[in-house]
Amino acid sequence: MTREDQDLLDFASQWLPYGGARREDILVNFGMTPAQFNMRIHRILTSVAARYIAGPDRENLKATYSVPPKECSRRGPVAAGPVGRSPVAG
């Protein structure tokens, strides 16, 4: 497991009691969207490295992070960029 993988897991674990990390905290700490973060956690949890994570911790992390967030969750929609922006008349 890489140091970055361990940092992601440590961060994800700290947020478990609160239902998962907030979008803002994921962005500030790792520079990624919740979907990217969840994909990375899923990749770690399904890799050989997962054998070093205690069973209950692994299952809690899977339950909280392994599923991509819904487009509209309690944390609000994930902004993808300026899609649907009207051109300025001028």
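The protein chain holds 4 helices and 2 strands, where helices (H or I, at least four residues) and strands (E, at least two) are DSSP runs, numbered from the N terminus. Along the sequence, these elements follow the pattern α-α-α-α-β-β. The model is predicted, so that local features need pLDDT of at least 70 and side-chain atom pairs count only at pLDDT 80 or more, while totals for chains, interfaces and linings use all residues. Residues are numbered from 1 along each chain as its sequence is written, and side-chain values use heavy atoms, with hydrogens and water left out.

The average pLDDT of the protein chain (the predictor's confidence in each residue, from 0 to 100) is 77, and 72% of the residues score at least 70. Over residues 71–90, pLDDT stays under 50, and for this stretch the model has 16 contacts beyond four places in sequence; a contact means heavy atoms within 4.5 Å. Among contacts in the protein chain between residues at least 6 apart in sequence, 63% join residues at least 24 apart.

**The core**

Of the 90 residues in the protein chain, 29% are buried, a term that stands for under 20% relative accessible area, with exposed meaning over 50% and partly exposed in between (1.4 Å probe, protein chains only). In soluble globular proteins, nonpolar side chains tend to be buried together. A nonpolar core is here a set of buried Ala, Val, Leu, Ile, Met, Phe, Trp, Tyr and Cys residues joined through side-chain atoms within 4.5 Å. The largest such core has 15 residues, and those with the most contacts inside it are Leu-9, Phe-37, Ile-41, Leu-61 and Tyr-65. Helix 1 (3–15), helix 3 (34–45) and helix 4 (55–65) each supply at least two residues of this core, and helix 1 gives the most, with 5 residues. Ile-41, when its neighbours within four places in sequence are left aside, is in contact with Leu-8, Leu-9, Ala-12 and Tyr-65.

Helix 1 has 13 residues and reaches 19 Å from its first C-alpha to its last, close to the 18 Å expected at 1.5 Å a residue; the expected span is 1.5 Å times one less than the number of residues. Its buried residues are Asp-5, Leu-8, Leu-9, Phe-11, Ala-12 and Trp-15. They cover an arc of only 165 degrees around the axis, which puts them on the same side of helix 1; the arc is that of the directions from the helix axis to the C-beta atoms. The face of helix 1 turned away from its buried side carries the exposed residues Arg-3 and Gln-14, whereas what covers the buried residues includes helix 2 (23–30), helix 3 and helix 4.

In helix 2, the buried residues include Arg-23, Asp-25 and Ile-26, and because their arc around the axis is only 165 degrees, they lie on the same side of helix 2. On the face of helix 2 turned away from its buried side are the exposed residues Leu-27 and Val-28. Asp-25 has a relative accessible area of 17% and, not counting residues up to four places away in sequence, touches Phe-11 and Trp-15. Helix 2 is followed by Gly-31, whose phi is positive, near 65 degrees.

**Aromatic pairs**

A search of the whole structure finds 6 aromatic pairs. Rings of Phe, Tyr and Trp (its six-membered ring) pair if their centres lie within 6.5 Å, and planes under 30 degrees apart count as stacked, over 60 as edge-to-face and the rest as tilted.

Phe-11 lies in helix 1 and Phe-37 in helix 3, so their pair ties together parts that are 26 residues apart in sequence. Phe-11 counts as buried at 8% relative accessibility, as does Phe-37 at 0%. In the other pair, Trp-15 is buried at 19% relative accessibility, whereas Tyr-18 is exposed, with a relative accessible area of 58%. Phe-11, Trp-15, Tyr-18, Phe-30, Phe-37 and Tyr-65 form one aromatic cluster.

**A loop residue**

Tyr-52 is found in the loop between helix 3 and helix 4 and is exposed, with a relative accessible area of 61%. Tyr-52 and Met-1 are 51 residues apart in sequence and 9.1 Å apart in space, C-alpha to C-alpha.
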